[in-house]
Amino acid sequence: MASDNILLDVKGLVKYFPVRKGVFRRTVAHVKAVDNVDMFIPEGETLGLVGESGCGKTTAGRSILRLIEPTAGDIVFRSKKLAPGGEESVEIDVAKVGRKELKALRREMQIIFQDPYSSLNPRMTVGAIVGEPLLVHGMAKGAEREDRVKALLAAVGLKPDHMKRYPHEFSGGQRQRIGVARALALDPQLIICDEPVSALDVSIQAQVINLLEDLQGEFGLTYLFIAHDLSVVRHISTRVAVMYLGKIAELAQTEELFTNPKHPYTEALMSAVPVPDPAWSVERILLEGDVPSPVAPPSGCYFHPRCRYAKDICKTDEPAYRDLGDLHFATCHFADSLDLQPIKSEE
Ligand code: SF4
């Protein structure tokens, strides 16, 4: 996707984990956690990545940052910090850079974790946690670092004197704010939000979502927002990608996806979302059976054993991930002809 405003362009991302057995720990199979995923995110936008647990969305997010090494694929990131003098930005393939460049890229690509408690060191003060990235990257020390930490805490709605406290003294929502402040410390361009509100009470979720939206406006951030809750993803995302068994089933502009779904899996997921309008009736589609094993995914279309529209070809031929027009992508043989049930428009 050769466009100046594409910040992240992922092509053919693969992450397989070996399954080892026996005394010699021979590789007998692979868990296909992420299997040929394409996605891109324009600068300043939010791409929601949604799917059932175990679909590979978290692995995809971590592979993009190389917190785990991808097996294959291109992860092209438009970096400002690695641009040669005079140039605004340069395209870097994150998958291929060495350790030194990767460390520099970490300043531009950050992550917010799901569990704000286990991701914060309980023995460190909040000031030390939020200021640690500045120290590691040699960006500020002493009073300058302290001032920067205070400004970051203020940006996420915390007070300067919170610096001296420890994570256990805060509520879940406040702890997630600390995680957000730490992610912002290095002035990143891209933040991968890995289920950032899933562990929080519903009332607190809205506050953290609003904070993320405000910060995006203030700092021009780009988000990859990983979640299993479709309502949250619909609220915050510019575009949404639906993932199933390591592959992208469908990707489209948010309202287009919800009001004009093209993949039966998207239709089933959306039918489970409560609609607050009693005049709008939605048939609840129950997905039969469990998600198949990513060690031995089904032949043909990975979704065919659970798909109510499956035909013979679905059992033998794998559908291509294709553009149906207006950057609406789907991986289904019958994406053009199925008349799937939409969800109510928010407009
Ligand atoms: Fe269902 Fe066939 Fe489409 Fe797969 S290709 S989603 S099995 S209709």
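1. Asp 336 is exposed, with a relative accessible area of 55%, a value that counts as exposed because the cut-off is over 50%. The structure is a predicted model, and the values in this note should be read with that in mind. Asp 336 sits in the segment that follows strand S12 (329-330). Leaving out residues up to four places away in sequence, Asp 336 touches Arg 322 and Leu 324. Gly 48 lies 288 residues from Asp 336 along the chain, and the two C-alpha atoms are separated by 23 Å.

2. Along the principal axes, the C-alpha atoms fill a box of roughly 70 × 55 × 50 Å. The secondary structure consists of 10 helices and 12 strands.

3. Among contacts with a separation of 6 or more, 65% are between residues 24 or more positions apart.

4. Which residues of H9 are buried? They are Pro 264, Tyr 265, Thr 266, Glu 267, Ala 268, Leu 269, Met 270 and Ser 271. That is 8 of the 8 residues of helix H9 (residues 264-271), so the helix is largely enclosed by the rest of the structure. The cover over these buried residues includes helix H7 (230-236) and helix H8 (254-259), together with strand S9 (239-244) and strand S10 (247-253).

5. Pro 294 is found in the loop between H9 and helix H10 (312-316). With a relative accessible area of 23%, Pro 294 is partly exposed; the reason is that this class runs between the 20% and 50% cut-offs. Neighbours within four places in sequence aside, Pro 294 is in contact with His 30, Val 31, Lys 32 and Leu 245. His 30 is 264 residues away from Pro 294 in sequence, yet the C-alpha to C-alpha distance is 8.1 Å.

6. Thr 59 lies in helix H1 (residues 57-65). Is Thr 59 buried or exposed? Thr 59 counts as buried, at 16% relative accessibility, because buried means under 20%. Apart from neighbours within four places in sequence, the contacts of Thr 59 are Lys 15, Phe 17, Ala 33, Val 34 and Ile 68.

7. The second largest pocket has a volume of about 280 Å³. Its lining comprises 16 residues, and those nearest the centre are Arg 106, Gln 110, Ile 111, Pro 133 and Arg 182. By class, the lining residues divide into 10 nonpolar, 3 polar and 3 charged.

8. Where does the lining of the second largest pocket come from? At least two residues each are supplied by strand S6 (109-112), helix H3 (126-136) and helix H5 (172-184). H3 gives the largest share, with 4 residues.

Technical notes:
Residues numbered from 1 in each chain as written. Predicted model: local features only at pLDDT ≥ 70, side-chain atom pairs only at ≥ 80, totals over all residues. Heavy atoms only, no water. 1 Å grid on protein atoms, 1.4 Å probe; cavity = no way out; pocket = protein on both sides within 12 Å on 5 of 7 lines; lining within 4 Å. Points joined across faces, edges and corners; volume = space filled by probe spheres on them. Nonpolar A, V, L, I, M, F, W, Y, C, P; charged D, E, K, R; others polar. Contact = heavy atoms within 4.5 Å. Buried < 20%, exposed > 50% of the residue type's maximum accessible area, 1.4 Å probe, protein only.
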